[in-house]
Amino acid sequence: MSEIISGFFQAIDLIVNLDPEVMQIATLSLLISLAATIIAAVISIPLGGLIHFYEFRGKRVLIVLIQTLYSVPTVVVGLLLYLFLSRSGPLGYFGLLFTPEGMILGQAILIIPIITGLVIAALGGVDRNISDTLISLGATGFQTIIQIVREARLAILSAVVLGFGRAISEVGVAMMIGGNIRDATRVLTTAIALQTGIGDFPFSIALGIILLIIALIVVIVLNLITAGLSVEAQQALGGPRT
Amino acid sequence: MKRFSASSLGVLLVILLVGGVIIAGCTTTTPTTTTTPPTTAAAEKPKLLIATTTSLYDTKLLDYLEPKFESQYNVDIQITSQGTGKAIEIAKKGDADVLLVHSPSQELAFVKDGFGINRRSFASNYFLVVGPSADPAGIKNMTPEKAYTALHQKGTNNTAGVYFVSRGDASGTHTAEKAIWSKAGYNYTTSVVKSGAWYIEAGKGMGETLQMASEKGAYTFTDEGTYLSYKSNLTLVPIISEGSSLLNIYSVMTVYNDKQPVEKIQMANNFINFLISSQTQADIGNFGVDKYGKALFTPMSIKVPTAPAGNVGDYSTPATALKP
């Protein structure tokens with residue numbers, strides 16, 4: 001138990017003193033997972049929209065498949081991607097194995113199903129009356145879609161936040177594709193695994209606390225952006241909307 | 001209709017902001033390639049990727065030697081530590097340049113199959129059987145083989161307090177443990193595994209296995225380095241520390257395959273020659289003394305252990321071969 005307390009103090013110490021190695025690991029974690037989340041969001045939000053708004057054969061099956069992929073073990077994604085990125089694999093030519101770029105790719109693949117699935121759910125959650133009203137008021141198909149996306153923005157934001165959370169907290173892809181190489185691909189989760197293996201429990205807990213602080217900052221920023229969007233929209237309407 | 005145009009304005013803002021985030025994202029992703037401030041200059045340096053085992057990496061010996069090698073050669077050493085099985089697989093696929101492990105039988109097969117060249121042994125130490133200080137199986141100071149026989153008998157008889165936690169992960173340490181079972185006359189797969197609740201396969205790294213054994217008050221088989229660095233978290237004490245089958249030999253080899261550029265092979269050979277050089281051998285012999293009061297490794301320059309043929313590789317001839 002004493003490890004938890006000393007871990008907490010060590011976390012404060014590492015943050016206050018801007019420990020260069022920890023700062024580098026933390027920055028790399030943030031950049032990799034943020035990049036993966038942005039790539040995944042750019043792909044998943046339109047993809048989710050496409051699946052929600054268009055009726056096609058096998059739609060239910062596709063959604064079930066996407067939801068199944070929520071559960072894909074991170075180590076399995078890491079292993080499959082490893083076999084592709086290995087020098088002896090089909091994509092070996094690009095030299096992405098054991099690089100941050102490879103880790104971004106892996107984490108993006110990992111969270112695309114989550115964000116896509118939750119975007120579909122978010123759009124499905126928008127009251128049907130809204131789209132009916134929009135159409136009756138003479139909105140074009142495009143305008144209707146945009147308005148529904150706007151109504152669902154909070155739920156879409158949650159999808160993106162959850163995707164980021166899964167990316168920054170996962171260890172399977174980071175270990176298999178990154179390789180936990182010091183000064184190159186070591187991120188917070190693989191560093192925690194390493195320190196736990198060595199038996200430095202307080203340091204592991206300190207790194208865990210730093211990871212949560214980063215997550216807190218990212219979530220706050222994303223929420224501010226969404227809140228900002230609402231305010232902008234209200235101002236555009238000429239005052240608070242009731 | 002007014003409400004609509006206003007909403008479209010909001011939508012436009014959404015798009016702009018998302019776009020802004022993406023652009024910001026792009027500008028922040030660019031630095032990821034250079035987010036290695038300590039090695040920004042090293043970004044252009046050639047890389048030498050070493051695949052090694054967790055138990056060796058966790059002792060920090062390689063972290064200690066890395067800057068010494070890098071100061072001699074214009075190269076950026078990158079080390080990935082994985083379980084022995086995984087490290088060998090990575091090397092077989094040509095994803096590493098140097099393989100550094102402690103599992104002679106697997107190394108010899110690796111070299112024989114043409115995946116590696118220039119195998120050199122550079123250090124050794126001893127495995128330990130550790131367990132609760134009360135020693136419920138009464139095996140203290142037995143030979144490893146006799147101790148295992150006693151553990152097996154008492155374990156399968158459900159003697160109170162007799163448990164053994166095995167790595168169970170095809171690691172170098174696990175391979176060494178299996179070799180002792182075999183020497184003690186047991187068929188590992190048929191009469192040790194699943195022979196009762198006393199034999200626990202952890203499937204974890206050495207540190208976590210030690211932790212598990214400590215929590216259960218069980219015996220386990222460990223390398224000395226990990227035990228010493230983990231000791232303060234454990235209730236386990238060394239029970240058996242002598243016996244030829246406890247010998248743990250560390251070897252290094254250059255990864256070879258037809259796609260491997262000759263420069264990488266040469267640099268890997270440089271690294272091997274660095275490890276067996278008299279200066280590095282002396283450094284290895286001093287490593288850990290300040291922290292643990294004793295050296296974690298015995299370099300070949302101090303003592304060449306006696307072991308079955310092939311287990312100790314060449315330790316003095318410079319590595320020069322560029323192909324098998």
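In chain B of this predicted model, residues 24 or more positions apart account for 75% of the contacts with a separation of 6 or more. The chain is built from 13 helices and 10 strands, and of its 324 residues, 44% are buried. Confidence in chain B can be read from its mean pLDDT of 86, with 87% of the residues reaching 70 or more. The stretch to read with care is residues 1-42 of chain B, where pLDDT stays under 50; the model has 49 contacts beyond four places in sequence for these residues. For the complex, the predictor gives a pTM of 0.80 and an ipTM of 0.78.

Domain 1 takes in residues 44-125 + 248-299, and domain 2 covers residues 126-246. Taken over C-alpha atoms, the centres of domain 1 and domain 2 of chain B are separated by 27 Å. Where the two meet, 17 residues of domain 1 of chain B are in contact with 18 residues of domain 2 of chain B. On the domain 1 side, the elements of chain B that give two or more residues are α2 (54-57), α4 (84-92) and α5 (104-112). By class, this side of domain 1 of chain B has 13 polar, 3 nonpolar and 1 charged residues.

One of its partners is strand β2 (residues 76-82) of chain B, which pairs with β1(B) in the parallel sense over 7 bridges. Among these positions, B:Lys47 has B:Asp76 as its bridge partner in β2(B). Strand β3 (residues 98-101) of chain B also pairs with β1(B) in the parallel sense, over 3 bridges. Here the bridge partner of B:Thr52 in β3(B) is B:Leu100.

Attention now turns to the nonpolar interior. In soluble globular proteins, nonpolar side chains tend to be buried together. The largest nonpolar core of the model has 140 residues, and those with the most contacts inside it are B:Val98, B:Leu99, B:Tyr219 and A:Ile115. Helix α2 (residues 20-53) of chain A gives the most to this core, contributing 15 residues. From chain B, the core draws at least three residues from each of domain 1 (44-125 + 248-299) and domain 2 (126-246). The surroundings of B:Leu99 can be followed residue by residue: leaving out residues up to four places away in sequence, B:Leu99 touches B:Ala51, B:Ala87, B:Ile88, B:Ala91, B:Gly116, B:Met253 and B:Val255.

Chain A provides a further example in A:Met103, which is found in helix α5 (residues 100-124) of that chain. A:Met103 counts as buried because it has 33 C-beta neighbours inside 10 Å, and the cut-off for a buried residue is 20 or more. Apart from neighbours within four places in sequence, A:Met103 is in contact with A:Ile32, A:Val173, A:Ala174, A:Ile177, A:Gly178 and A:Thr185. A:Ser29 lies 74 residues from A:Met103 in sequence, while the C-alpha to C-alpha separation of the pair in space is 10.0 Å.

Terms used. Residues numbered from 1 in each chain as written. Chains lettered and ligands numbered in written order. Predicted model: local features only at pLDDT ≥ 70, side-chain atom pairs only at ≥ 80, totals over all residues. pLDDT = per-residue confidence, 0-100. Contact = placed C-beta atoms within 7 Å. Core = buried A, V, L, I, M, F, W, Y, C linked by C-beta atoms within 7 Å. Buried ≥ 20, exposed ≤ 12 C-beta atoms within 10 Å, placed from the backbone. Helix = DSSP H or I, 4+ residues; strand = E, 2+ residues; numbered from the N terminus. Domains from an automatic or database assignment. Nonpolar A, V, L, I, M, F, W, Y, C, P; charged D, E, K, R; others polar. Pairing = 2+ DSSP bridges.
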